[in-house]
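Please open the model in a viewer and keep the sequence at hand. The stops below are given in the order of selection.

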Amino acid sequence: MTVLLVAAESRTRGRAGSARTGSGTARPTVTAPLGRLRLPALAWCSAVAAAGVVFPLGTLAYWLAVGGSATWEPARLLETGTTTLLVAALGALLTTVLALPVGVLAARYRGRAAHFLEQAAYAGHAVPGITVALAMVFLAVRYAYPLYQELPLLVIAYAVLFLPVAVGATRAAVLQSPPVLEDVARSLGRGPVRVLREVTVPLAAPGIAAGAALTFVVCMKELPATLLLRPTGMDTLATRLWTETGTASYAAAAPYAAVLVLIAAVPAYLLGRHRT
């Protein structure tokens, strides 16, 4: 299914680039009155908001109130939250670094090699996290035992799973920058690496940062790969949440869920500001 979707996206993408040299001309907004459909439209939007935000946050608030201060373990919450930030940041950093050349090639070149690299990046995203984790365990035990149950192996697994998130954001950001600026830099004697460092990356930096923020969020929530590949004794907010809910200790799990939501809300807010 993933192969079919990637192939369809590639065919509908077209060959025209989306770079532009100016901000364009703003058009006045035209309001379309809904008439009799106003109330059903408002009801539908309210139902979506309730299902996605109100109900989960309400349930979380309920279990926090039921558990009270007895379920809060500040020392463990601080340790788990710090660990989560560390592994998610490392995963986002490695994924973004690996996605940068793939995204640039996909945006600037139409050859078969660039096309193959971009499509191959989606392979890890198509495979369930538990499958990637088991493959990493097999690789470490058979060929790289010093990496077994060590942090680098977990970070590599994050990169395999979420590379498409960063590649898509990088490619879209590079497409927004005019390629003529890179041509001018080359005509002035700049080499390819220097053009990438001084022209391409600075122009695409906001989009690349958005992809890194998205990758950070999905790394923070990843559970199957984290459970199998984490170092012994290391817990993240996702694994602690899974441990507590596995024994139906929902009140004990609520603080970890609350901290996870609060941390994830920061990049989500920044992404929303960037889009506006």
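Predicted model: local features only at pLDDT ≥ 70, side-chain atom pairs only at ≥ 80, totals over all residues.

Residues are numbered from 1 along each chain as its sequence is written, and side-chain values use heavy atoms, with hydrogens and water left out.

Select helix 3 (74-108) and helix 9 (192-221); helices are DSSP runs of H or I of at least four residues, numbered from the N terminus. Their axes, lines fitted to C-alpha atoms over the stretch in contact, come within 8 Å and cross at roughly 140°.

Next, display the contact (heavy atoms within 4.5 Å) between them: residues including Leu100 and Val104 in helix 3 meet residues including Ile208 and Phe216 in helix 9. The residues of this contact comprise 13 nonpolar, six polar and no charged, where Ala, Val, Leu, Ile, Met, Phe, Trp, Tyr, Cys and Pro count as nonpolar, Asp, Glu, Lys and Arg as charged, and the others as polar.

Then select threonine 170, in helix 7 (residues 151-175). At 1% relative accessibility, threonine 170 counts as buried, that is, under 20% relative accessible area with a 1.4 Å probe and protein chains only. Leaving aside residues up to four places away in sequence, threonine 170 touches Ala99, Leu100, Gly103, Val104 and Ile208.

Notes: Helix = DSSP H or I, 4+ residues; strand = E, 2+ residues; numbered from the N terminus. Buried < 20%, exposed > 50% of the residue type's maximum accessible area, 1.4 Å probe, protein only. Axes fitted to C-alpha atoms, helices over the stretch in contact; angles between N-to-C directions.
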